[in-house]
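Colleague: Hi! Could you walk me through this one before I set up my own calculations?

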Amino acid sequence: QVQLVESGGGLVQAGGSLRLSCAASGSILSINYMGWYRQAPGKQRELVAIISQGGSTNYADSVKGRSTISRDNAKNTVYLQMNSLKPEDTAVYYCNADIWTVRAGKWDDYWGQGTQVTVSS
């Protein structure tokens with residue numbers, strides 16, 4: 001069984017910063033990409049940022065220049081540093097990872113439970 005556990009969300013004023021963390025645990029053999037998605041009330045879930053096993057990154061235009069995704073492969077953990085936060089960044093942020101497990105013997109998509117980020121104006 002694989003679990004993705006996010007932490008670091010909270011309430012912050014506009015212009016502030018937050019660092020989200022997501023740790024994967026379980027019978028993991030390898031993790032391909034890891035990423036962050038978000039879903040605001042009444043909106044579809046959208047990609048925020050993604051990072052490959054080798055460290056290549058891609059960002060949504062809405063966060064480019066304000067956010068940095070990174071990962072620690074030894075800890076199976078991905079981070080999202082968000083700066084200059086805006087009220088429109090308010091959403092539930094979900095961790096996502098493509099993981100090869102011992103049990104499945106293939107790549108599978110896993111999601112965390114989500115962490116709330118609220119930016120006040």
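This is a predicted model: local features need pLDDT of at least 70, side-chain atom pairs count only at pLDDT 80 or more; totals for chains, interfaces and linings use all residues.

Colleague: Noted. Which residues touch the most other members of the largest nonpolar core?

Modeller: Those are Trp36, Ile69, Val78, Leu80, Met82, Tyr93 and Ile99, in a core of 30 residues. At least two core residues come from each of strands S3 (18-25), S4 (28-39), S5 (46-51), S8 (77-82), S9 (91-101) and S11 (115-120).

Colleague: And which strand gives the largest share?

Modeller: That is S9, with five residues.

Colleague: What does Tyr93 touch, leaving out residues up to four places away in sequence?

Modeller: Its contacts are Glu6, Leu20, Trp36, Tyr37, Arg38, Val48, Leu80, Met82, Gly114, Thr115 and Val117.

Colleague: Nice. Switching to strand pairing, how many bridges join S9 to S10?

Modeller: Five, and the two strands run antiparallel, with S10 covering residues 107-111.

Colleague: What is the strand order in the open sheet of four strands?

Modeller: The order is S1-S3-S8-S7, with antiparallel pairing. S1 (3-7) and S7 (67-72) are the edge strands, each pairing on one side only. From one strand to the next, the twist averages 15 degrees.

Colleague: How many bridges are there between S3 and S8?

Modeller: Six, in the antiparallel sense. Within that pairing, Ala23 has Thr77 in S8 as its bridge partner.

Colleague: Now for that side chain you promised. Where is Asp89, and is Asp89 buried or exposed?

Modeller: Asp89 sits in the loop between S8 and S9. Its relative accessible area is 2%, so Asp89 counts as buried, the cut-off being under 20%.

Colleague: Which side chain makes a polar contact with the side chain of Asp89?

Modeller: Arg66 does, at 2.8 Å. A polar atom of the Asp89 side chain also lies 2.7 Å from the backbone nitrogen of Lys86.

Colleague: What else is in contact with Asp89, leaving aside neighbours within four places in sequence?

Modeller: Besides Arg66, the contacts are Arg38, Val63, Ser84, Val117 and Val119.

Note on methods: Residues are numbered from 1 along each chain as its sequence is written. Side-chain values use heavy atoms; hydrogens and water are left out. A nonpolar core is a set of buried Ala, Val, Leu, Ile, Met, Phe, Trp, Tyr and Cys residues joined through side-chain atoms within 4.5 Å. Buried means under 20% relative accessible area, exposed over 50%, partly exposed in between (1.4 Å probe, protein chains only). Contact means heavy atoms within 4.5 Å. Two strands pair if DSSP finds at least two bridges between them. A polar contact is a pair of N or O atoms within 3.5 Å; within protein, one must be able to donate a hydrogen and the other to accept it, and residues adjacent in sequence count only if both atoms are side-chain atoms. Axes are lines fitted to C-alpha atoms, for helices over the stretch in contact, and angles run from 0 to 180 degrees between N-to-C directions.
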